[in-house]
Amino acid sequence: MKTTTAAGLEDADPPRPVTRAERPPAVADELREVKGPSAFGGGRRRFFELLLLMAMTDFRKTFFGTVLGYAWSLLRPLLTFAVLLVVFTRIVRIGSQIPNYPMFLLFNIVFFGFFQEGTTTATTAVVARESIVRKTQFPRLVIPLAAVLTGLLNLGTNLVAVLAFFFFFGVGPYWTWLLFPVLLGLMLILTAAVATLLSALYVRRRDVAIIWGVLSLALFYGSAVLFPIDLVPPGLLRDVMLINPLVLIMIQAHQWIIDPGAQSAVAVAGGWVNLIPAALVFVGVCLWSIRFFNREAPRVAEEL
Amino acid sequence: MAVEIRDIHKTFRIPRHRITSFKERAAHPFGRIEYRDLKTLRGISLDVHKGEFFGIVGRNGSGKSTLLKIMASIYAADAGTIRIAGRLAPFIELGVGFDPELAARDNIILNGVMMGLGRHEAERRFDAIMDFAELRDFEDLKLKNYSSGMTVRLAFAVMVQADADVLLIDEVLAVGDASFQQKCTDTFYAMRNAGKTIVLVTHDMGAVQRYCDRAMLIHDGVSTFMGDPEEVGRRYLQLNFSKDSGAIAAPDVHARIVDAWLEDRGGERQKNIGGREPIRVKTVIEARERLENVVVGYHLYDVRGIHVLGFNYSPRETGDGAPEVLEEGQRLRVNVELENQLAAGHYFLKCWVSRDRQPGDLTVQVFDLLDFIVYDVEPIAGLFEVKPVMSSEALP
C-alpha cells in the first residue's frame with residue numbers, strides 16, 4: 001500500500017498547506033504507452049472483475065428486485081413450455097410417440113433459451129451501455145460477455161427447477177448427466193461468439209435487433225428443440241440441419257440427458273466425418289466474431 | 001514525468017448521410033457514402049510533470065475534450081504516442097455507470113472498479129467514501145431515490161477515493177451547492193499536495209488560474225500556447241473577442257460581441273482599474289439575426305468564482321430611445337458606468353444577451369467579456385465597501 005492514500009481527505013482536519021518539498025516521493029514513475037481502446041485492454045484481472053460484477057448486478061436486479069423474483073424468472077420458460085406441450089401432445093400429437101416428451105421439451109426450452117436470451121440481450125448491450133463506453137476506459141468485450149454470463153446464471157437457476165421436474169416425472173438420473181458440462185461449454189462458446197458479433201454489428205446497423213429476432217425464432221424451430229431429429233426424414237433437409245452446430249448439441253443433449261436410448265449426434269450424422277461441416281461453422285463463427293469485434297472495438301465510442 | 005504526449009493526430013470521418021440499417025443499405029446498394037473529414041487534433045505534444053496540476057483550455061470544438069478522451073483510452077488516436085506513468089482515472093462525467101436501481105454500495109463498487117480500483121479495494125474504501133459524501137444515513141437507499149446533489153456527492157467521493165496517480169477531469173467542478181463546491185476546492189488542493197497529477201479540461205478561466213501550475217491553450221487542434229495560467233487565460237479571452245474570431249460556437253448564436261473594453265475617466269482604454277475609480281465598460285454587440293426586445297445583462301465574479309453583483313439593461317424598459325429591435329448586422333454599443341466600491345482583486349465580467357423571438361421563446365447567450373484587476377485600494381472588510389448611516393446616543 002502506498003502511504004499517500006488520500007489519507008488527508010479521510011479525516012476531518014482542515015487541509016494543511018504542504019510545500020512542494022514535503023510532497024511524498026513518486027510512486028509509479030515508469031512511463032507506459034497508452035494503447036487506446038480495445039476489446040480486452042486494461043489487464044486481465046480488471047477484465048474478469050468487471051465481467052463478473054456486471055453480470056452479477058444484472059442477475060441480482062432481475063432476481064431480488066421483487067419478492068417473487070425467482071418465480072418470475074421461471075415464468076417465461078414454464079409458460080412457453082405449457083403452451084407448446086398442449087400444442088404438441090393434444091393438437092399435433094407428435095409428442096405421444098416420444099418417451100418423456102414433456103421433459104424433453106422443458107429441458108430443451110430452458111437450454112436453448114439460454115442461447116436466445118444471451119444473444120438477444122447482448123445485441124443491444126453495447127449501445128445501451130453507451131455512457132460507459134463513451135465516458136470511461138473500458139474493455140469493450142466485457143459488455144456482450146456480461147450479458148451472456150447473466151444468461152448463464154439464469155440458466156443455472158432454471159435448471160434447478162428442471163431437475164425438480166425430472167425427479168417428479170422419473171427421468172434419470174443417468175451417469176451421462178455428468179457429461180452435461182461438455183454440452184454447456186460448447187453452447188456457452190457459441191452463444192458468446194454470436195452475442196459478441198451481434199453487439200458490434202448493432203452499433204453500425206440498428207435493424208440487427210429486428211433481423212436477429214426473426215432469425216433466432218427460425219433457429220428455435222429449426223434446431224431440434226421441439227422435436228427429436230428422428231422426425232426429420234433423411235435427405236437434404238436433414239443434411240442442411242446438421243450443418244448447424246446447435247442442432248448437434250440438442251441431439252446429443254437428448255441422448256445424454258433425457259433418453260439414453262436416443263441416437264447420439266455421431267450416429268445421426270452417420271460418422272465423425274459428417275460432423276466436420278458443423279465444426280467448421282462453429283469455429284468460423286467464433287473467429288469471425290472475435291475478429292470483427294476486435295476491429296470495431298477501438299472505434300465503438302465514436303460510432304455511438 | 002507523468003504524462004508524455006507526442007504528436008497526436010485525430011480526424012473524425014463524418015458521413016454526410018449515415019446509413020444505420022441493413023434496410024437502407026439494401027435500398028441503396030450502390031450508394032457511395034460521402035465523408036467529411038474533421039481534423040480535430042493536428043499534432044499535439046505535451047508533457048505533464050509528476051505532481052503537476054495542468055489545465056487544458058480552449059473554445060468549444062477546439063479539440064480539448066477529444067485529447068482528454070484519447071488520453072483516457074476512449075478514442076483511438078490516428079497517429080502519435082501517449083505514455084503515462086502509473087494508474088490513470090478519467091472523469092469525463094461524474095458517476096459513470098451508476099445504476100439507479102441499485103443501492104449505494106453496489107454502485108460504489110461498480111464505479112470504483114471502473115475507475116481502476118480492485119474489487120476488494122473498492123469494498124475496503126466503502127466507508128471512507130460514504131463518510132466523504134456525507135451519505136452514511138442513506139447507504140441502503142436505491143440511487144433512484146437520491147437527489148441529484150446526493151448523487152453528485154457520491155460520485156465525487158468515489159473519484160477522490162479512486163486514488164489514481166493521474167486524474168483526467170473534464171469540467172466536473174461546476175456541480176453541487178456552495179458548501180460542496182468548497183469541499184471540491186479543498187479536495188483539489190489536497191490531491192495536488194498529495195502528489196497527484198491532475199489534468200483539467202475547462203473553459204472556466206477562474207478555475208485554471210486558481211488551481212493550475214501550468215496550462216495549455218488549444219485552438220483548432222493545435223497547441224497555441226503553453227505555460228503560465230494567467231497568460232493562458234488572457235490569450236483565451238483575446239481569442240474569444242478578437243475581431244475576426246467570429247462568434248463563440250454556441251448552438252444558438254444570435255449575437256456576437258464585436259468589441260468590449262474598460263475605460264478610465266478620461267475615456268482611455270484600460271486593462272485594469274484603480275480603486276474607487278468608476279468602472280466604465282463599453283460593449284459593442286452585433287445582431288446576427290433580427291433580435292426583438294434585446295436585453296443585455298452583466299455579471300461580475302471574483303477570482304474565487306463568487307458572484308459579486310449583476311444588473312441588466314433593456315432599451316424597452318429604460319425608454320432611452322435606443323432601438324428595441326436590432327436588424328441583422330446592426331450593432332449596439334452598451335455603455336455601463338459602475339460606482340466602484342470593490343475590494344482589490346481580480347474580477348471577471350460576464351455578459352449575456354437575450355433574444356425574444358416569440359412569446360416564450362427566450363434564448364440567452366453568455367459571453368466571457370472581460371477580466372480586470374482592481375488595484376490600489378486600502379483593505380476593505382468583505383467584498384464591498386458600504387457607506388452606512390450610523391449614529392449613537394447615550395441611554396439613561
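**View 1. A four-stranded open sheet in chain B, ordered β11-β10-β13-β16.** In this predicted model, the four strands pair in antiparallel fashion. At the edges sit β11 (269-270) and β16 (331-338) of chain B, each of which pairs on one side only. Look at β16(B) and you'll find its partner, strand β13 (residues 279-287) of chain B, joined to β16(B) by eight bridges, with the two running antiparallel. To get your bearings, pick out E286(B), which stands opposite R331(B) in β16(B).

**View 2. The hairpin of β14(B) and β15(B).** Here strand β14 (residues 295-302) and strand β15 (residues 307-313), both of chain B, run antiparallel and are held together by six bridges. Y301(B) is a handy place to start, as it stands opposite H307(B) in β15(B). Between the strands there are four residues. Which residue of this hairpin takes a positive phi? That's G305(B), with a value near 85°.

**View 3. An open sheet that takes strands from chain A and chain B, in the order β1(A)-β4(B)-β1(B)-β2(B).** Four strands make up this sheet, and the pairing is antiparallel. Its edge strands are β1 of chain A and β2 (35-48) of chain B, and each of them pairs on one side only. Ignoring direction, neighbouring strands in the sheet are turned by 30° against each other on average.

**View 4. Where β1 of chain A meets β4(B).** Zooming in on the join between the chains, strand β1 (residues 31-33) of chain A runs antiparallel to β4(B), and three bridges link them. L31(A) stands opposite A85(B) in β4(B). E33(A), for its part, has R83(B) in β4(B) as its bridge partner.

**View 5. The side of chain B that touches chain A.** Stepping back to the whole contact, 51 residues of chain B are in contact with 42 residues of chain A. Which elements of chain B give two or more residues to this side? The strands are β1 (3-15) and β4 (79-85), and the helices are α1 (22-27), α3 (104-114), α5 (126-133), α6 (148-162) and α7 (178-193). Sorted by class, this side of chain B has 26 nonpolar, twelve polar and 13 charged residues.

**View 6. Two helices of chain A, α4 (residues 101-128) and α8 (residues 208-222).** Their axes come within 10 Å and cross at roughly 175°. Why are they called roughly antiparallel? A crossing angle over 145 degrees counts as such, so α4(A) is roughly antiparallel to α8(A). From α4(A), the residues to look for are F112(A), Q116(A), T119(A), T120(A), T123(A) and T124(A). They meet V208(A), A209(A), W212(A), S216(A) and F220(A) in α8(A). By class, the residues of this contact divide into five nonpolar, six polar and no charged.

**View 7. Chain B as a whole.** Chain B has 396 residues, and 37% of them count as buried.

Note on methods: Residues are numbered from 1 along each chain as its sequence is written. Chains are lettered from A and ligands numbered from 1 in the order in which they are written. This is a predicted model: local features need pLDDT of at least 70, side-chain atom pairs count only at pLDDT 80 or more; totals for chains, interfaces and linings use all residues. Two strands pair if DSSP finds at least two bridges between them. A residue is buried if 20 or more other C-beta atoms lie within 10 Å of its own, exposed if 12 or fewer, and partly exposed in between; C-beta atoms are placed from the backbone. Two residues are in contact if their C-beta atoms, placed from the backbone, lie within 7 Å. Ala, Val, Leu, Ile, Met, Phe, Trp, Tyr, Cys and Pro count as nonpolar, Asp, Glu, Lys and Arg as charged, and the others, Gly among them, as polar. Axes are lines fitted to C-alpha atoms, for helices over the stretch in contact, and angles run from 0 to 180 degrees between N-to-C directions. Angles under 35 degrees count as roughly parallel, over 145 as roughly antiparallel, 65 to 115 as roughly perpendicular and the rest as oblique.
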